[in-house]
There are 6 protein chains.
Amino acid sequence: MSQKTQIGKLALLAATLSPDELEPFSEKLEEVKYCIGKAGSMDTQKIIAAVETAAKRNGLIAQDVYRETHALYHAILESLEGVMRGQLGVGNMMRTVGLRFSIVRGTPYDQKEEGEWIAVAFYGTIGAPVKGLEHETCGLGVNHI
Amino acid sequence: MSQKTQIGKLALLAATLSPDELEPFSEKLEEVKYCIGKAGSMDTQKIIAAVETAAKRNGLIAQDVYRETHALYHAILESLEGVMRGQLGVGNMMRTVGLRFSIVRGTPYDQKEEGEWIAVAFYGTIGAPVKGLEHETCGLGVNHI
Amino acid sequence: MSQKTQIGKLALLAATLSPDELEPFSEKLEEVKYCIGKAGSMDTQKIIAAVETAAKRNGLIAQDVYRETHALYHAILESLEGVMRGQLGVGNMMRTVGLRFSIVRGTPYDQKEEGEWIAVAFYGTIGAPVKGLEHETCGLGVNHI
Amino acid sequence: MSQKTQIGKLALLAATLSPDELEPFSEKLEEVKYCIGKAGSMDTQKIIAAVETAAKRNGLIAQDVYRETHALYHAILESLEGVMRGQLGVGNMMRTVGLRFSIVRGTPYDQKEEGEWIAVAFYGTIGAPVKGLEHETCGLGVNHI
Amino acid sequence: MSQKTQIGKLALLAATLSPDELEPFSEKLEEVKYCIGKAGSMDTQKIIAAVETAAKRNGLIAQDVYRETHALYHAILESLEGVMRGQLGVGNMMRTVGLRFSIVRGTPYDQKEEGEWIAVAFYGTIGAPVKGLEHETCGLGVNHI
Amino acid sequence: MSQKTQIGKLALLAATLSPDELEPFSEKLEEVKYCIGKAGSMDTQKIIAAVETAAKRNGLIAQDVYRETHALYHAILESLEGVMRGQLGVGNMMRTVGLRFSIVRGTPYDQKEEGEWIAVAFYGTIGAPVKGLEHETCGLGVNHI
């Protein structure tokens with residue numbers, strides 16, 4: 001089953017690239033709905049809230065439909081697993097600066113009945129509790145919606 | 001502490017983009033050593049072996065120095081956590097098609113004593129055991145070397 | 001948001017109770033589609049295949065629609081986490097006798113736009129590798145479909 | 001080794017069913033000691049404290065014997081793994097309404113030297129941080145005491 | 001509650017030290033039952049079997065009582081978590097040389113009703129799949145029996 | 001590849017033994033740099049800070065070099081996995097009394113290019129939230145530096 005639109009790749013690029021660098025992908029990005037945001041803390045509850053708020057404010061998921069929030073929520077969790085590399089539980093031990101996220105909603109598959117899917121990507125730097133020390137991290141989660 | 005070279009971002013792009021799409025980043029890529037490869041199975045032991053072999057064949061790590069293999073090995077494991085989204089243990093339940101990886105070695109920090117670091121990125125599609133069904137996945141691991 | 005139909009509870013009961021014991025819940029079970037099956041091995045790949053096969057054969061998910069398989073797959077994984085109590089990765093160290101599963105598909109919420117959800121439950125006994133020694137275990141996973 | 005009393009099944013039913021629904025199992029429940037309680041928060045420390053307090057107040061474990069608390073504690077943790085589906089560490093990101101628990105102590109095996117075992121079950125709904133959105137969850141832990 | 005006998009410390013020393021180095025602790029070791037063994041593979045199922053066999057052959061647990069095997073089994077799993085440092089699931093990716101284990105059974109607490117407890121310790125070297133490269137690892141699990 | 005100095009074993013002994021018991025190993029300990037400290041809380045962030053502070057104050061890692069802090073940080077995390085036995089995320093549910101740690105820096109391998117490595121060990125008692133109830137625990141992490 002070929003994917004006509006790689007929503008995961010677009011999410012990664014939207015989270016990672018500067019506006020200039022993203023330019024060559026603008027045509028591809030017109031095939032999907034997407035938004036970009038920032039999470040300024042490593043408190044997982046606040047990150048999830050930041051992504052959910054951005055998704056609702058930008059019309060990427062419906063305000064009042066639980067199944068859309070549920071789909072987004074699990075995509076966020078999967079993406080955070082990549083950010084935390086298997087140690088979601090130690091999130092509160094981490095410190096972050098400049099974690100950026102993107103949310104992409106689209107129809108990746110040719111078959112009409114596969115419907116819409118959602119991708120959440122994070123990219124930024126993550127550090128030990130001591131300030132000034134960090135390296136890059138990223139994550140990607142994909143779910144049906 | 002500012003990073004002069006984002007080895008993680010370069011690794012992500014090298015694993016994700018086509019040669020044409022990677023073109024605008026060629027100048028940045030000249031600041032680092034890197035290589036690209038493919039892993040055709042979801043058997044974690046084989047993926048690790050494929051990355052290690054590529055790293056040694058392309059001179060990204062020294063053949064006979066354990067500390068370099070140790071650094072690479074943990075970067076691979078961290079990257080695979082993103083690919084498997086916290087379920088490394090269920091790797092054998094998955095099926096993969098077209099997982100691509102990149103290895104980037106460089107000096108991300110201005111300070112000389114921070115020395116060299118290594119980044120490993122994966123991008124591709126991953127599926128449930130039933131053939132023909134998959135979605136995108138990615139991972140990134142970074143370590144000092 | 002009240003749930004008019006507790007598909008998770010029905011899945012638990014269908015996996016746990018004997019036909020006689022399930023009798024008082026037959027009216028509730030008419031509100032949903034469900035099926036019951038057995039998994040005779042602790043090889044996670046085989047358990048997943050057994051549940052998927054049962055789901056398709058009994059018309060609980062569509063044969064050829066990836067999003068339905070994707071929804072079921074994650075419900076199975078969540079349910080197995082309960083069975084393995086956080087050690088999915090050690091599945092191959094376990095031995096099982098008489099693990100029963102149920103799959104329930106229904107519309108748990110009053111609001112029409114919440115649509116259909118799927119629940120997967122397991123109940124049975126699980127043992128250390130030495131034969132003849134086991135205790136009970138169960139799991140429940142719920143996902144939108 | 002056959003189990004004459006399925007303490008895990010009884011714990012699941014006691015946590016899941018209404019008093020009316022539990023009626024047909026009252027004879028079985030007379031073979032064991034059990035109690036039922038509620039946990040009104042998703043703070044894992046508070047849930048554990050609630051279960052321990054209920055267990056001691058109802059005479060299911062001895063007040064001052066560490067080995068009984070140790071046995072109960074690990075049964076609770078195993079049960080919570082099912083509730084959280086492998087993400088115990090993200091407990092603080094969740095919100096719960098109406099999580100019910102049961103504790104059952106009995107002698108499941110025919111052989112006298114197998115002695116007493118304890119089972120802890122949870123059933124209820126669990127939600128994302130945004131209020132009003134939740135689905136069902138359950139867990140079961142079993143330990144020797 | 002003071003511990004009169006530190007069975008965990010004794011298990012660590014028995015697994016780690018040479019016979020000569022263990023000599024100063026011989027008096028303490030007379031307060032407990034213990035045995036020492038070797039596990040020559042990183043296949044978790046084989047390691048568990050090796051420890052169980054040693055425990056039964058040396059009379060540290062009863063041959064036919066499930067609750068004793070259950071207690072030992074969870075002590076082994078906890079100890080292996082330390083050996084694998086949170087990645088039990090990737091056990092099959094590892095290679096080991098010279099992993100030694102010890103099993104100690106004793107009465108650590110002054111209070112008679114706390115009864116017997118069991119400790120399992122591992123010490124040795126663990127390596128990436130490529131031969132010749134390894135570093136030290138250890139683990140300790142403690143359970144009531 | 002033989003290890004001329006077992007920094008992991010020395011770290012374990014330094015964390016576990018009393019000064020008198022450590023005496024026979026004093027010659028071995030002269031081959032490495034090491035220090036010992038105490039962590040009086042089970043808050044993982046505070047434990048990490050305590051170990052990092054001790055490491056810097058005793059000159060075991062350089063104050064201002066991120067790569068050394070990064071190496072130490074991952075050695076601490078690996079060691080804590082052993083302490084928490086795979087449940088790092090539930091750290092906040094635990095209570096600890098008398099957790100001791102040691103940090104050892106040395107050159108374990110004969111080959112000069114393998115350079116320096118660092119080992120972090122913990123030993124102590126860990127308890128359920130209810131005061132007065134605990135058993136022993138330990139952990140060991142090893143990393144190149």
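A:Lys9 is buried, at a relative accessible area of 10%, where buried stands for under 20% relative accessible area, exposed for over 50% and partly exposed for what lies in between (1.4 Å probe, protein chains only). The side chain of A:Lys9 meets that of B:Glu21 in a salt bridge with an N to O distance of 2.8 Å, a salt bridge being a side-chain nitrogen of Lys or Arg within 4 Å of a carboxyl oxygen of Asp or Glu. Because A:Lys9 belongs to helix H1 (residues 7-16) of chain A and B:Glu21 to helix H2 (residues 19-22) of chain B, the pair joins two chains; helices (H or I, at least four residues) and strands (E, at least two) are DSSP runs, numbered from the N terminus. B:Glu21, for its part, is partly exposed, with a relative accessible area of 24%.

This is a predicted model, in which local features need pLDDT of at least 70 and side-chain atom pairs count only at pLDDT 80 or more, while totals for chains, interfaces and linings use all residues. Residues are numbered from 1 along each chain as its sequence is written, chains are lettered from A and ligands numbered from 1 in the order in which they are written, and side-chain values use heavy atoms, with hydrogens and water left out.

**Interface of chain B and chain A**

- Chain B and chain A bury about 2,700 Å² between them, 58% of it on carbon and sulfur atoms, buried area being the accessible area (1.4 Å probe) that two parts lose on being put together, summed over both.
- Each chain gives 31 residues to the contact, which is defined by heavy atoms within 4.5 Å.
- Two salt bridges are counted between chain B and chain A, and the pair B:Glu21 and A:Lys9 forms a salt bridge.
- Eight residue pairs, both residues at pLDDT 80 or more, are in polar contact across this interface; a polar contact is a pair of N or O atoms within 3.5 Å, and within protein one must be able to donate a hydrogen and the other to accept it, while residues adjacent in sequence count only if both atoms are side-chain atoms.
- On the side of chain B that touches chain A, the elements giving two or more residues are helix H1 (7-16), helix H5 (66-84), strand E3 (117-127) and strand E4 (134-144) of chain B, and E4(B) gives the most, with seven residues.

**Salt bridges within chains**

- Over all chains, the structure holds 20 salt bridges.
- In chain B, the side chains of B:Glu116 and B:Arg105 meet in a salt bridge (2.8 Å, N to O), and this pair links distant parts of the chain, with B:Glu116 in the loop between strand E2 (95-106) and E3 and B:Arg105 in strand E2, 11 residues apart.
- B:Glu116 is partly exposed at a relative accessible area of 30%, whereas B:Arg105 is buried at 9%.
- In chain E, the side chains of E:Arg105 and E:Glu68 form a salt bridge at 3.0 Å, N to O; E:Arg105 lies in strand E2 (residues 95-106) and E:Glu68 in helix H5, so the pair ties together parts that are 37 residues apart in sequence.
- E:Arg105 counts as buried at 9% relative accessibility, and E:Glu68 counts as buried at 14%.
- In chain A, a network of salt bridges links A:Glu68, A:Arg105 and A:Glu116.

- E:His144, in strand E4 (residues 134-144) of chain E, is buried with a relative accessible area of 0%.
- The side chain of E:His144 reaches the backbone oxygen of D:His144 at 3.0 Å and makes a polar contact with the side chain of E:Asn143 (3.1 Å).
- D:Asn143, in strand E4 (residues 134-144) of chain D, is buried with a relative accessible area of 7%, and its side chain makes a polar contact with that of D:His144 (3.1 Å).
- Beyond four places in sequence, the contacts of D:Asn143 include D:Trp117, E:His70 and E:His144.

**Buried elements and residues**

- Helix H1 (residues 7-16) of chain D is mostly covered, with 10 of its 10 residues buried.
- Strand E4 (residues 134-144) of chain F is mostly covered too, with 11 of its 11 residues buried.
- E:Ile76, in helix H5 (residues 66-84) of chain E, is buried with a relative accessible area of 0%, and among the residues that E:Ile76 touches more than four places away in sequence are E:Ile48, E:Val120 and E:Phe122.
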